[in-house]
Amino acid sequence: MKIVVCIKQVPDTKGGVKFNPDGTLDRAAMMTIMNPDDKAGLEAALRLKEQYGAEVTVITMGLPKAEDVLREALAMGADKGILVTDRVLGGADTWATSQTLAGAIRNLEYDLIITGRQAIDGDTAQVGPQISEHLDIPVISYAQKIQIEGDSVIVERQYDDRYHVLKAKMPCLITALAELNEPRYMTPGGIFDACKAEITVWGRADLKDVEDSNLGLKGSPTQIAKASDKVRKGAGEKVTLDASESVDYIVGKLKEKHVI
């Protein structure tokens, strides 16, 4: 079995976010982590590898520094890492990103593609399903449990307060929830091997069956009207009153704001 896992290097929001003048994220200026849903998808792939002897290839689209997240995946147990990077791919929305990843994946053999449900920097949950559409394969989203049965995959799909059990022939794409599992830690030996491992780097020329008009910022139909970092709140108004005066003060403020 051959499994491709799409992972993304996302901003560590604890350190704040920064934007470029065009409204896109300034990824080069921020601390980064592996997207949590993607890490759960990677862990699922590694468990399938242990069960069925699968080969796990991780792929990411991003800046050259996104190589770090690939090496983290290799240190966890993935077999190969592919970085898709090119200036013409910058500023991509979900449509252009999915076109890029699908174009790269067309170079690979795969039975199963696993992506995270969504990325914490966009929260759209669109890229995984879009990749499946571009590749014309079935998709099962919101996976909370994955099993293999012959040439099919059986997935428990989260749905409100219950779940669906869905079965699909492979090749198939699955989007994973962070709650799917508890990702493993990198091992010392894995870290050592990952540091020495060769990362495959692809650019625009390596993408199959993708038009230039569907790539990068120019190929993104989503336009950002306005973007800003987190607005800091002021200290607010502080008063010192006794109990009865406090009640009158609070009620007065609620009336002033038309809450009551």
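Is glutamate 43 buried or exposed in this structure? Glutamate 43 is buried, because its relative accessible area is 2%, and a residue counts as buried when that value is under 20%. The model in which this residue sits is a predicted one, and its protein chain comes to 6 helices and 11 strands.

**The chain as a whole**

- The protein chain exposes about 14,800 Å², and carbon and sulfur atoms supply 51% of that area.
- Among contacts between residues at least 6 apart in sequence, 70% join residues that are at least 24 apart.

**Strand E4 and its partners**

- Strand E4, which covers residues 55-61, is mostly covered, since 6 of its 7 residues are buried.
- Strand E1 (residues 2-6) pairs with E4 in the parallel sense over 5 bridges, and within this pairing isoleucine 3 has valine 56 of E4 as its bridge partner.
- Strand E5 (residues 80-84) also runs parallel to E4 and is joined to it by 5 bridges, with valine 58 standing opposite glycine 81 of E5.
- Together with helix H2 (residues 67-76), the strands E4 and E5 make a right-handed β-α-β unit.

**The nonpolar cores**

- The largest nonpolar core has 38 residues, of which Val5, Leu42 and Val153 touch the most other members.
- At least two residues of this core come from each of several elements, including E1, helix H1 (36-52), E4, H2, strand E6 (112-116), strand E7 (139-149), strand E8 (152-159) and strand E10 (172-176).
- If neighbours within four places in sequence are left aside, valine 153 is in contact with Ile146, Gln147, Ile148, Leu166, Lys167, Ala168, Met170, Cys172 and Ile174.
- Another core, of 21 residues, lies apart from the largest one, and among its members are Ile59, Ile82, Ala102 and Ile131.

**Glutamate 43 in its surroundings**

- Glutamate 43 is found in helix H1, and, leaving aside neighbours within four places in sequence, this residue is in contact with Met76, Asn181, Glu182, Pro183 and Arg184.

**Helix H3**

- Helix H3 (residues 94-105) has 12 residues and reaches 16 Å from its first C-alpha to its last, which is close to the 16 Å expected at 1.5 Å a residue.
- Because 11 of the 12 residues of H3 are buried, this helix is largely enclosed by the rest of the structure.
- The buried residues of H3 include Thr94, Ser98, Leu101, Ala102 and Ile105, and what covers the buried residues of this helix includes E1, E4, E5, E6, H4 and strand E11 (200-202).

**Helix H4**

- In helix H4 the buried residues are Gly128, Gln130, Ile131, Ser132, His134 and Leu135, and they pack against E1, H3, E6, E7 and E10.
- Glutamine 130 lies in helix H4, which spans residues 127-135, and counts as buried because its relative accessibility is 17%, a value under the 20% cut-off.
- Not counting residues up to four places away in sequence, glutamine 130 touches Thr94, Trp95 and Ser98.
- Isoleucine 131, also found in helix H4, counts as buried at 0% relative accessibility.
- Beyond its neighbours within four places in sequence, isoleucine 131 is in contact with Cys6, Ser98, Leu101, Ala102, Ile105 and Leu173.
- The C-alpha atoms of isoleucine 131 and isoleucine 113 are separated by 9.4 Å, and these two residues are 18 residues apart along the chain.

**Backbone details to look for**

- Just after H4, aspartate 136 takes a positive phi of about 60 degrees.
- Tyrosine 142, which lies in strand E7, has a positive phi of about 55 degrees although it is not a glycine, and at 28% relative accessibility this tyrosine counts as partly exposed.
- Histidine 258, in the segment after helix H6 (243-256), has a phi near 60 degrees, a positive value in a residue other than glycine, and with a relative accessible area of 71% histidine 258 is exposed.
- The peptide bond from methionine 170 to proline 171 is cis, with omega near 10 degrees, and proline 171 lies in the loop between strand E9 (162-169) and E10.

Conventions
Residues numbered from 1 in each chain as written. Predicted model: local features only at pLDDT ≥ 70, side-chain atom pairs only at ≥ 80, totals over all residues. Heavy atoms only, no water. Buried < 20%, exposed > 50% of the residue type's maximum accessible area, 1.4 Å probe, protein only. Helix = DSSP H or I, 4+ residues; strand = E, 2+ residues; numbered from the N terminus. Pairing = 2+ DSSP bridges. Right-handed = clockwise from strand over helix to strand, strands pointing away. Core = buried A, V, L, I, M, F, W, Y, C linked by side-chain atoms within 4.5 Å. Contact = heavy atoms within 4.5 Å. Areas by Shrake-Rupley, 256 points an atom, 1.4 Å probe, with all protein chains shown as cover. Expected span 1.5 Å × (residues − 1).
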